[in-house]
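Hello,

Here is the structure I promised to hand over. Please open it first, then read my notes below.

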Amino acid sequence: MSAAVSTAVPGGDADLPIGIFDSGVGGLTVARAVLDQLPHESVHYVGDTAHAPYGPKPIAEVRRLALDVLDRLVDSGVKMLVIACNSASAAMLRDARERYDVPVVEVIQPAVRRAVRATRNGRVGVIGTRATISSRAYEDAFAAAPHLALTTAACPAFVEFVERGVTSGPELLSAARQYLAPAIAADVDTLVLGCTHYPLLMAVLRSVVGDDVTLVSSAEETAFDVYRELAARELLRPDGLPQPRHRFTSTGDARAFRLLAQRFLGPQLGPRLVDVDETGPLHLGAL
């Protein structure tokens, strides 16, 4: 595919799905929030599990991998892109907004807005992958709130735990204590989960930082941005259409992805995953 991609929404087709992209299963937290808040919308989710995790990779490689998947997702026919991956957002958000003729929503700014509103003592922590933290994307995003003191920490093993389906246990708890020590020492009262995998570790994170620290996930705020952007462009799916259909696709092992999707999407959506084979897409039945 050429470097310049022009895939406009034909006639502003509001019946096309919302495209959601992540490096793996973490973006399912964003997909879940979008489905909860916009139940009439269809979703096409792609997890690049064949190349996950993105966090340890150089920014240039993350950019290349992400744009390759997004090219194919846009070509499949979507009315919006949601980059539900902090590492990818940090690496190629500007490229995506210049490259595609559909609106692009990301996850960093929504989390920052929520953290600015939530903090009481002006001390905010951010945890993320190595790629996200080294990009300084959050420092740039928080620049509009210079009165806040920011403490950042990379948590490279967290994504690997989630991608293996491990969300508890002594090994994870030990890693969490190590990673969160700088934020605790800085007396943060708000902690931004700067990776969409991390809300799936909410219980262990809460046990380490305590109940007085507000944990900020970008999923709900991102879903608000999706609604606002669709409404502003008159792309909300009209009432009276058939039930929406949702498609969840993995670039890697489809069966492993299905098991995690069933678990992380929750009991209401997970069991509806059907028509799965090792190489093809996963389809979620109409709700």
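Leucine 215 sits in strand β8. Please keep in mind that this is a predicted model. Leucine 215 has a relative accessible area of 13%. That is under 20%, so leucine 215 counts as buried.

Which residues does leucine 215 touch, leaving aside its neighbours within four places in sequence? The contacts are Leu191, Met202, Leu205, Arg206 and Val209. Take leucine 191 from that list. In sequence, leucine 191 and leucine 215 are 24 residues apart. In space, their C-alpha atoms are 5.0 Å apart.

**Helix α4**

Strand β8 comes up again with helix α4, which covers residues 108-118. The buried residues of α4 are Ile108, Pro110, Ala111, Val112, Ala115 and Ala118.

**Helices α2 and α3**

Helix α3 also packs against α2, which spans residues 59-75. The angle between α2 and α3 is about 50°, and their axes are 9 Å apart. That angle makes α2 oblique to α3. Their crossing is right-handed.

The residues that meet are as follows:

- From α2: Ile59, Val62, Arg63, Ala66, Leu67, Leu70 and Asp71.
- From α3: Ser87, Ala88, Ala91, Met92, Asp95, Ala96 and Arg99.

An α-helix has 3.6 residues a turn, so residues three or four places apart point the same way.

**Cysteines**

How many disulfides does a search of the whole structure find? The search finds zero. Cysteine 85 is in no disulfide, and the nearest cysteine sulfur belongs to cysteine 195, 6.6 Å away.

**The chain as a whole**

The protein chain has 287 residues, and 55% of them are buried. Its secondary structure comes to eleven helices and eleven strands. Among contacts with a separation of 6 or more, 75% join residues 24 or more positions apart. The accessible surface is about 12100 Å², and carbon and sulfur atoms hold 50% of that.

Best wishes

How values were computed:
Residues numbered from 1 in each chain as written. Predicted model: local features only at pLDDT ≥ 70, side-chain atom pairs only at ≥ 80, totals over all residues. Heavy atoms only, no water. Buried < 20%, exposed > 50% of the residue type's maximum accessible area, 1.4 Å probe, protein only. Helix = DSSP H or I, 4+ residues; strand = E, 2+ residues; numbered from the N terminus. Contact = heavy atoms within 4.5 Å. Areas by Shrake-Rupley, 256 points an atom, 1.4 Å probe, with all protein chains shown as cover. Disulfide = S-S within 2.5 Å. Axes fitted to C-alpha atoms, helices over the stretch in contact; angles between N-to-C directions. Parallel < 35°, antiparallel > 145°, perpendicular 65-115°, else oblique. Left-handed = near helix turned anticlockwise from the far one by under 90°.
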